[in-house]
Amino acid sequence: MRRTPVYIICSPRPIVGKTLLARLLSEFLLLQRGGVTAFDINLKEPSLLDYLPKLTETAEIDDTFGKMALMDRLIVNDDIAKVIDLGYHAFDEFFRMTAEIGFMKEAARRGISPIILFIADTDRTSARAYAMLQEQIPPAALITIDNEHVLRGELPAAYARGRVLRIAALPVFLKTYIDRLTFSFTGYLRSEQDSSTELHQWIRANYFSFREIELRLLLQSS
């Protein structure tokens with residue numbers, strides 16, 4: 001059995017595109033693998049659960065029971081990809097928990113491949129959070145997200161030394177269009193006949209980036 005990926009999308013900052021990335025990735029994994037389970041740890045509305053209710057479960061890490069319930073789901077090598085939309089309010093507690101229980105080592109022992117997708121920003125809070133992740137997460141499992149809508153310039157050097165996935169900014173009218181609760185990225189690719197549209201190319205570019213991550217995992221499993 002190939003290794004089961006657990007994608008953790010995170011930032012200590014609000015409004016940086018975590019839920020958008022979680023939506024994109026969840027729809028890609030559903031298309032690529034035929035199944036995905038997403039977990040919403042997010043207080044902000046609308047959340048991942050609002051966009052993908054059939055794929056998403058809510059999770060709580062405010063108490064020991066909630067933490068263990070979530071970890072029990074993430075540590076199973078069932079070949080069903082997992083996606084966590086980790087709200088900024090839960091960032092510190094989540095990674096404190098994973099460090100305390102030795103999540104990365106236990107995941108490796110059980111055939112799980114955690115992949116941390118950290119959305120970069122220029123503030124000190126993000127820089128400190130990234131440095132903390134570098135101490136806990138192996139370099140191959142930590143990917144910096146260069147969201148052009150957030151950074152609007154060059155990626156700071158501290159982030160650029162590791163693995164980087166870039167997401168191009170969309171015009172405001174297209175951003176408003178994809179923010180509708182009924183919008184589906186895969187549905188758009190299937191229904192839009194003109195593959196030259198900016199949105200079509202944007203979705204395909206991001207799906208291609210996700211595919212590269214999945215192919216790398218496949219090579220690690222072989």
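Visitor: Where is Arg-152 found?
Guide: Arg-152 lies in the loop between helix H7 (148-151) and helix H8 (157-160). Helices (H or I, at least four residues) and strands (E, at least two) are DSSP runs, numbered from the N terminus. The model is a predicted one, in which local features need pLDDT of at least 70, side-chain atom pairs count only at pLDDT 80 or more, and totals for chains, interfaces and linings use all residues. Residues are numbered from 1 along each chain as its sequence is written, and side-chain values use heavy atoms, with hydrogens and water left out.

Visitor: Why is Arg-152 called exposed?
Guide: Buried means under 20% relative accessible area, exposed over 50%, and partly exposed in between (1.4 Å probe, protein chains only). Arg-152 has a relative accessible area of 65%, and is therefore exposed.

Visitor: What is said of the phi of Arg-152?
Guide: Arg-152 has a positive phi of about 50°, although it is not a glycine. Most residues other than glycine have a negative phi.

Visitor: Why is Asp-79 called partly exposed?
Guide: The relative accessible area of Asp-79 is 25%, so the residue is partly exposed. Asp-79 belongs to the loop between H3 and E4.

Visitor: Why is Ile-84 called buried?
Guide: Ile-84 has a relative accessible area of 0%, and therefore counts as buried. Ile-84 is placed in strand E4 (residues 81-86). Leaving aside neighbours within four places in sequence, Ile-84 is in contact (heavy atoms within 4.5 Å) with residues including Val-6, Phe-39, Leu-74 and Phe-94.

Visitor: How do you know that the buried residues of H4 are on the same side?
Guide: In helix H4 (residues 91-101), the buried residues are Phe-91, Phe-94, Phe-95, Met-97 and Thr-98. They cover an arc of only 150° around the axis, which puts them on the same side of H4; the arc is that of the directions from the helix axis to the C-beta atoms. Among the elements that cover them are strand E1 (4-10), E4 and helix H6 (124-136).

Visitor: What makes the radius of gyration of the protein chain agree with a compact globule?
Guide: The radius is taken over C-alpha atoms, and the globule rule is 2.2 Å times the number of residues to the power 0.38. With 222 residues, a compact globule would have a radius of gyration near 17 Å; the protein chain has 17 Å, so the two agree.
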